[in-house]
Each structure stands twice: as structure tokens, then as C-alpha cells.
Amino acid sequence: MNREAFQCLDLRSAAAGVVSGDFTSRELVEAMLAGIIERDPAIRAFVHVDADDALRQADAADARRGPGGGRLNGVPVAVKDVLNVAGQPCGCASRILEGYRAPYDATAVARLRREGAVVVGRTNMDEFAMGSTTENSVHGPTLNPWNHGRVPGGSSGGSAAAVASREALAALGSDTGGSVRQPASFCGCVGLKPSYGRISRYGLTAYASSLDQIGPLTTNVRDAALLLNIMSGRDPLDSTSVPDPAPCADDGWAAAGLKGMKLGLPREYFGAGLDPEVAWAVRAAADACAALGAELVEVALPHTEYAIAAYYIIATAEASANLARFDGVRYGRRADGASDPYDLYTRTRAEGFGAEVKRRIILGTYVLSSGYYEAYYRSAQKVRTLIRRDFERAFGQCDAMLAPVAPTAAYRLGETTDDPLKMYLGDILTVTANLAGICGLSVPCGLTDDGLPVGLQVLGPFLGEERVLRVGAAYETARGPFPEPHGGAA
Amino acid sequence: MTEANESGAMDVAYVARLARLALTPEEAETFQRQLDHIVGYVRKIGELDVSGVEPTAHAAVLSNVFRPDEARHGIEHDVALGNAPRSADGQFLVPRIVE
């Protein structure tokens, strides 16, 4: 098999090839590493690749080759720099975690390893997952494989760019306000944000604990379903993890079409501010779902316009508490020459955190502070209830919803760096799923005239992943193969 | 609207001290401008009448999750200290706290 053929495998074919002896895991991992060496200098999706370690894992997989080796035996995956993998750095793209080595595996990673997966490298992100462009990284930005003058989205931009450029067969990301779905949309790959609690958060560096979920980025919907199935389920180390079994990718999904399914189009998600080319691509995808037998109905999510305000209050409040642990005492970087603990904390954090993280910590501290708590944090939690109820009502009228992932295609590099509010407002179509705890999937559905990918977002109710994946798989099959990125300059 | 909500701009320097963040004068100025803009925007939730609405703290459906009260193996002492910027005698080293 030549290198390109390896890089275009789906996960099940990759695993089947190793089991049958068509190729070894070493050959597969070597091909992926060669792709990284060849293409990553242009897009900088990876922040850490230990080739020797990856090949050792591959050899171990080859040694246990056979039907009992696991569903991903010998199959390489990439991991966002926010997830702990024992022995590897876990820098969260931050200066403050310089030198940190993870002492244990995140549960999601451990479950992939239990099925034989090879962790091939760590991908770039916005620092501590705060951002929507992967420009807020101590390593510098990752570039969009479709156009090097554009951002890959964020915060899981490295994972999305690695999968889109076929440097990784699949990658893990995390989604607190859209950080898996939006980069998947910007880079033309599949991204799944599972329902809150589907996948254990143990070993995921916390940003906003009531919103965070780990999710897969893949080249196709069935691979996302496979990774979800492997990573999901109750974990005693995360008391919010749900025990319900997640669906397995079903060969019947695509063939069954969408007959009998009601798909809602939330009217607020197609309103002012939506780029006409994005609107057109998503409507065409909805029509394709109708042609597969689905009934399209309009639904209302009336509190959508308050979602960004509620999200940025709640997320930053939780972040300000979660990031208090980075104080220069137990891990990571410490400022030199501090005279007392207060000096140590304030200088370590000043040196260690980037601007966006500092902004969010300050905002979060403010909305929780005495005198402001009721007006901001408490009110935002109540608005969160209204947004959750909007979804409950709407899912009474439909099985799943179809919407854009983001109001536009990928931003230009630097377009939002001086105007953080502008970047925040671009998250309007994704933060709602996190606030409500429901699941969402991004599937590529078209290209703009400039050749930038557009994603279709399929939203499902809490623990409604099977519906979302079924709609995604049926649509994807009807759509046919999506074009490959051509790279290119700005 | 409460009194706090109407009381005007955030004092970035003060909040940064609460958050244990030292800011340069340039940072303080930039953040003040950007955060005034952001706080001005998020204040829009005050437009909604949320009296009588229960707050949502979590999307989790589970509550009172218990596990058996059994001693289990955690991270080894030396592993826990392995990432410390400074340690000695099996402990984290910090600047003097008590004179």
C-alpha cells in the first residue's frame, strides 16, 4: 500500500487491515508520521510528536495482532493538547504548563488504548481551550489546510486541521462552546459533541466543568460513532458520566434513509448575520435530507439571542475557579525570585497565561464577585434554564434539528484578535448545545465560492446521539465524497 | 436590574488582584477597554425577566452519585511531586509564608 492509501483509510478499514495482516501497525504509523513531516510544517497542527514512542506503541500493537487485539488495534489517533496521556506533555498550549508531563491517562484516552489505539501526537489549540481560532496558542497559530490565510477554527483547531489534511485518521478534541464542531466546520471534517456526561472528563484539563465534553474529529460519521462508542459510558472517576450505552455505528443507517424522521429548522439560526453562502449550503443539505424521506418542520428557540451573554458569563465564571489551580506551586512554570506566596501567584500567572485566558479569568472573577453575582452569574444560570426549555419544547416537535455550525466560513488570520467580542459572537450557533447539555454533530455540506468548507450542524436531544449520527450518516452517504483541501496561500 | 448591574464599569485592576493576576499598565488599559465592551454586551441578559425561573447549574442529570467507601490506590507520592517546580524532602517548596 502506498502512503496516500494509508492516509485515506477510515478507522474500521485501518483496524481490519492490521488484523488481517494486509499491513502492520508499524507501516501504518510510519505512513502517518511521514505525512506529518511532509505537510505539518505548512499548517502546524501538531505541537508534539514523539515518533519513537508512536512506533513503540505500533510494535506492541503488532505483537498482539489478532481478533482479541481490540477494535482499534494499531490504529493511530491524535489527541488535543488538553488531554492527559501518561508520560507525554500536556501543555494546553500554555506557557504556564511548560515542562509538565502527565502522570496518568485521561479515561477517554485509556479507553482508546484499551482497544489498541496508538497515540501518535498532540495537536494545537487555543490556550486552555479558550478561543475559536487556535490563534491563542503559545506555539503560534495552526493554519487552515484549505487556505493558509485562514484560521482552522478553535479551540480544537489542531485536531481538525490534522484530520482534514490527512495527517491523522482521527483526533480527539474538547467542546465547551463549539470547540469540536466549529473547527470541524471550518476544516471540512466531521466533529461530534456528545451529550453532557457521555464521555468521562477525567484527565481533561477543565475549562468550564458544567459545559466541557470530549468529542471525536474524523473524516466520516461512522468513525465518529465508533470512537464515541469506545469512549463513552460510566466512569467512577467522573461522577457526571452517564451509564447509558452509546450507539454503535450501524451499517443500516445510511441504507434506511430518513423516512419517518422529523427534522426541525430553528428559525433563529437562519436569521440576520448568517452568511448567504452558508445559509445556501445548509438549506441544500436540509433539502437533501428531505429527499431521503425526512419531513422538515420549522421550530423556534426564542432565547437564542441571549445565549452568548449567558455562555460567556457561565464559562468564564467556571474558568476563573478552575484555573486558580495554576499557581506555580505544584506543576508547570514558576516565576523566579518571588518574595511571598501572593507575589509568587500573581507573577507566575502573569508570565504563564496568555491574553485571552487573562481576559476570561478577569471577566469570570468579576461576574462572581460580591455585588455582581446576582445580576450576572445567577441571572445567566436562569437564562440557561430558559435555553434548556427552548430545546425541550422544540424536541417535542422534531426528532433532530438541522442548522449551520457557524454564521460564516473560516475567518482570516488576525481578523478577530483585537476584537474578542467579535470572536465570541461567532459562537452563537454552538454554545446553546453546551448550555442545554444536548448533542451536536458537524458534517461538511459544501464549499463557499472562495473554496472554504461549510458545516451542517445536526442537533439532537440529551443522549440522542443515535438520531444525530443516523441523520449525519444518511446525509453524508447521499452527499458523496467531500473534496480534499488544496492548501494554498491566502 | 440590581444596583450592582447599573453601577458602571468594572475596575480591572481591582478584579485582577482578586484573580491573583499581575497586569502591566498596558495590559490593564487594553483589558479595561475590551472588558467594558464585553460587559456592556453580556449585560443584555438583564433585559429578560427571569424572576421565578430556577437556575441551571449543570446539565448533568445525575445527582448524589456514590461509590463504595473503599481505600484505593492513587498517584504515588513521588509521581505527584514529579512536576513540582521546586520540592524538597517529599514536599512542595514555596516562599516563606509565616515570618
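A:Phe128 and A:Phe391 touch the most other members of the largest nonpolar core, a set of 150 residues. Helix α11 (residues 307-322) of chain A gives the most to this core, with 11 residues. The model is predicted.

**Nonpolar cores**

- In soluble globular proteins, nonpolar side chains tend to be buried together.
- A:Phe391 is in contact with A:Tyr269, A:Leu301, A:Met401, A:Thr432, A:Ala436, A:Ile438 and A:Leu459, leaving aside neighbours within four places in sequence.
- A second, separate core has 28 residues, including A:Leu55, A:Ala160, A:Cys187 and A:Phe482.

**Strand β10 and its partners**

- Strand β10 of chain A covers residues 439-447, and eight of its nine residues are buried, so the strand is largely enclosed by the rest of the structure.
- On one pairing, strand β5 (residues 190-193) of chain A runs antiparallel to β10(A), and three bridges join them.
- Within this pairing, A:Leu192 has A:Leu441 of β10(A) as its bridge partner.
- Strand β11 (residues 453-460) of chain A also pairs with β10(A) in the antiparallel sense, over eight bridges.
- A:Leu459 of β11(A) stands opposite A:Gly440; A:Leu459 is also among the contacts of A:Phe391.
- The hairpin of β10(A) and β11(A) has five residues between the strands, and A:Gly451 in this hairpin takes a positive phi near 80°.

**A buried loop residue**

- A:Gln88 lies in the loop between β2 (76-80) and α5 (107-114) of chain A.
- The relative accessibility of A:Gln88 is 7%, which is under the 20% limit, so A:Gln88 counts as buried.
- Not counting residues up to four places away in sequence, A:Gln88 touches A:Asp53, A:Tyr100, A:Arg101, A:Ala102, A:Val119 and A:Arg122.

- The largest pocket has a volume of about 710 Å³.
- Its lining comprises 25 residues, and those closest to the centre are A:Asn84, A:Tyr100, A:Tyr104, A:Tyr202 and A:Gly203; of these, A:Tyr100 is also touched by A:Gln88.
- By class, the lining of the largest pocket has 14 nonpolar, seven polar and four charged residues.
- The second largest pocket has a volume of about 310 Å³.
- A lining of 23 residues surrounds the second largest pocket, with A:Arg166, A:Thr219, A:Asn220, A:Phe482 and A:Glu484 nearest its centre; A:Phe482 also belongs to the second core.
- At least two residues of the lining of the second largest pocket come from each of α6 (157-164) and α17 (465-479) of chain A.
- This lining divides into 13 nonpolar, five polar and five charged residues.

**Cavities**

- The structure holds two cavities of 30 Å³ or more.
- The largest cavity contains about 100 Å³ of space.
- It is lined by 16 residues, of which A:Gly131, A:Ser132, A:Gly177, A:Ser179 and A:Asp427 are the closest to its centre.
- The lining of the largest cavity divides into five nonpolar, nine polar and two charged residues.
- The second largest cavity has a volume of about 30 Å³.
- A:Asp10, A:Arg12, A:Arg222, A:Asp223 and A:Leu226 line the second largest cavity.
- Helix α8 (residues 221-231) of chain A provides the largest share of that lining, three residues.
- By class, the lining of the second largest cavity has one nonpolar, no polar and four charged residues.

Notes. Residues numbered from 1 in each chain as written. Chains lettered and ligands numbered in written order. Predicted model: local features only at pLDDT ≥ 70, side-chain atom pairs only at ≥ 80, totals over all residues. Heavy atoms only, no water. Buried < 20%, exposed > 50% of the residue type's maximum accessible area, 1.4 Å probe, protein only. Helix = DSSP H or I, 4+ residues; strand = E, 2+ residues; numbered from the N terminus. Pairing = 2+ DSSP bridges. Contact = heavy atoms within 4.5 Å. Core = buried A, V, L, I, M, F, W, Y, C linked by side-chain atoms within 4.5 Å. 1 Å grid on protein atoms, 1.4 Å probe; cavity = no way out; pocket = protein on both sides within 12 Å on 5 of 7 lines; lining within 4 Å. Points joined across faces, edges and corners; volume = space filled by probe spheres on them. Nonpolar A, V, L, I, M, F, W, Y, C, P; charged D, E, K, R; others polar.
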